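Subject: Structure handover

Hi,

Here is the structure for you to look over. My notes follow below it.

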Amino acid sequence: MSEIQFNHVQTAHCECGVISNIFRFYGLEISEPMALGIGAGLFFGHLPFVKVNGVPGTTYRVVPGAIFSRVCKRLGVKMESHTFSSVEKATLELDKVLDRGMPVGLQSSVYYLPYFPPSYRFHFNAHNLVIYGKKDGNYLVSDPIMEHVTEIDPASLAEARFAKGFPAPKGKMYYPVVVPKEVNFAEPIKAGIKQTCSDMLNIPLPWFGVKGIRFLAKRLRNYPEKVGDRKATLYLGNIIRMQEEIGTGGAGFRFMYAAFLQEAAGILKRDDLSQLAHELTAVGDIWRNFAFTAGRVCKSRTAAGNGYAELSDLMMQCAASEDVFFRKLAALKL
């Protein structure tokens with residue numbers, strides 16, 4: 001099996017990074033922010049009744065895989081995707097595709113990737129990476145959130161691909177079979193913006209979009225009284241982690257989405273999108289301020305009750321700012 005000549009570029013978010021890197025291999029240039037925007041990846045959800053590693057689920061992005069499938073649909077890319085019942089079948093199929101000279105995207109668990117620093121390993125089963133060959137028995141890895149390409153032994157890769165828990169990767173692998181060389185990005189951009197605005201404003205449930213931000217803000221104020229100081233700190237720490245550490249580029253994808261709007265403004269020749277990009281960056285700064293203040297609360301550098309009340313107010317400010325922003329964006333005649 002020969003090494004595929006694969007151009008690795010480090011990105012902030014694994015799914016968007018894999019899209020950008022693997023499409024580039026086939027001659028289709030798309031930036032990481034453009035993948036996020038066309039894939040309508042920006043979102044917010046808080047599900048207190050869904051526990052992930054013992055804490056309520058909070059997300060600043062759509063479900064794993066949705067960005068990829070939406071980008072493919074809107075750009076006319078056809079993908080082959082498989083899951084497997086056994087390590088043996090998954091390994092055999094991976095090697096077959098690599099033998100054909102094709103890089104392969106994989107879903108994996110961060111916890112079992114030995115090239116991650118120990119402090120960054122935790123049970124997150126929706127990490128995306130690219131395998132682009134084999135060398136001396138090890139697989140060659142282009143992990144988009146890493147600065148350089150690396151290697152992984154077959155046993156560790158098998159563990160990562162078949163990790164237990166939610167969502168179970170089940171050895172998932174995927175690769176393009178049809179990639180257009182040239183694409184008109186205008187209509188995919190418009191479709192992505194329209195869907196993101198709808199997701200943030202129109203879902204008629206209290207846990208999602210701007211409503212979801214307000215929902216969490218109200219609960220946050222009473223965390224210490226409701227669940228106790230220890231659990232309150234764990235719950236708050238998870239909110240920060242999902243916002244700032246899970247490959248988002250910061251502020252729960254808000255900065256990256258602003259970069260998408262800036263790029264879209266050039267393609268569509270719309271100065272109003274450029275202005276809204278600046279406004280969203282300002283919203284991202286409020287989210288960053290929330291994360292900084294939350295970090296101080298977690299480290300007990302402020303009085304617990306007052307700290308959670310301040311955080312609740314900051315998150316309400318985020319909700320109000322996003323409500324205004326997405327209504328402006330939705331009102332544009334694109």
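Start with Val 104. Leaving aside neighbours within four places in sequence, Val 104 is in contact with Ile 22, Leu 94, Val 97, Leu 98, Leu 129, Val 130, Ile 131, Met 173, Tyr 174 and Tyr 175. Contact here means heavy atoms within 4.5 Å. Val 104 sits in strand S4 (residues 104-108). Its relative accessibility is 0%, so Val 104 counts as buried. The cut-offs: buried is under 20% relative accessible area, exposed is over 50%, and partly exposed is in between (1.4 Å probe, protein chains only). Val 104 and Pro 118 are 14 residues apart in sequence, yet 26 Å apart in space, C-alpha to C-alpha.

Some ground rules. This is a predicted model, in which local features need pLDDT of at least 70 and side-chain atom pairs count only at pLDDT 80 or more, while totals for chains, interfaces and linings use all residues. Residues are numbered from 1 along each chain as its sequence is written, and side-chain values use heavy atoms, with hydrogens and water left out. Helices (H or I, at least four residues) and strands (E, at least two) are DSSP runs, numbered from the N terminus.

Ser 142 lies in strand S6 (residues 138-142). Ser 142 is buried, at 0% relative accessible area. Outside four places in sequence, Ser 142 contacts Phe 6, His 8, Asn 21, Leu 129, Val 130, Tyr 132 and Val 149. Ser 142 and Gly 192 are 50 residues apart in sequence and 27 Å apart in space, C-alpha to C-alpha.

Thr 196 is in helix H6. Thr 196 is also buried, with a relative accessible area of 0%. Not counting residues up to four places away in sequence, Thr 196 touches Ala 40, Leu 42, Tyr 257 and Phe 326.

Helix H3

How many residues of H3 (residues 66-75) are buried? The count is 7 of 10, and the helix is mostly covered. The buried ones are Ala 66, Ile 67, Phe 68, Arg 70, Val 71, Cys 72 and Leu 75. They pack against helices H1 (14-25), H2 (32-38) and H6 (186-201), and against strands S2 (55-61), S3 (78-82) and S8 (173-178). Just after H3, Gly 76 takes a positive phi of about 80°.

Helix pairs

Helix H9 (residues 229-245) packs with helix H11 (residues 271-298) at an angle of about 145°, and their axes are 10 Å apart. Axes are lines fitted to C-alpha atoms, for helices over the stretch in contact, and angles run from 0 to 180 degrees between N-to-C directions. From H9, the contact residues include Leu 236, Ile 239 and Ile 240; from H11, they include Trp 287, Phe 290 and Ala 291. By class, this contact has 9 nonpolar, 4 polar and 2 charged residues. Ala, Val, Leu, Ile, Met, Phe, Trp, Tyr, Cys and Pro count as nonpolar, Asp, Glu, Lys and Arg as charged, and the others, Gly among them, as polar.

The axes of H6 and helix H7 (residues 209-221) come within 4 Å and cross at roughly 35°. Asp 199, Met 200 and Leu 201 of H6 meet Gly 209, Val 210, Lys 211 and Ile 213 of H7. That contact has 4 nonpolar, 1 polar and 2 charged residues.

Backbone

Most residues other than glycine have a negative phi, and most peptide bonds are trans. Please check these spots. A cis peptide bond joins Phe 166 and Pro 167, with omega about -10°. Pro 167 lies in the loop between helix H5 (154-161) and S8. Lys 170 is in the loop between H5 and S8. Lys 170 has a positive phi, near 55°. Phe 253 has a positive phi of about 75° and is not a glycine. Phe 253 is in the loop between H9 and helix H10 (254-268). Phe 253 is buried, at 1% relative accessible area.

Domains

The protein is divided into domain 1 (14-30 + 78-178) and domain 2 (185-331). These bounds come from an automatic or database domain assignment. The C-alpha centres of the two domains lie 29 Å apart. In the contact, 6 residues of domain 1 face 4 residues of domain 2. The domains bury about 460 Å² between them, 78% of it on carbon and sulfur atoms. Buried area is the accessible area (1.4 Å probe) that two parts lose on being put together, summed over both. In domain 1, Cys 16, Phe 122 and Phe 124 lose the most area to domain 2, together 57% of what that side buries.

Best wishes
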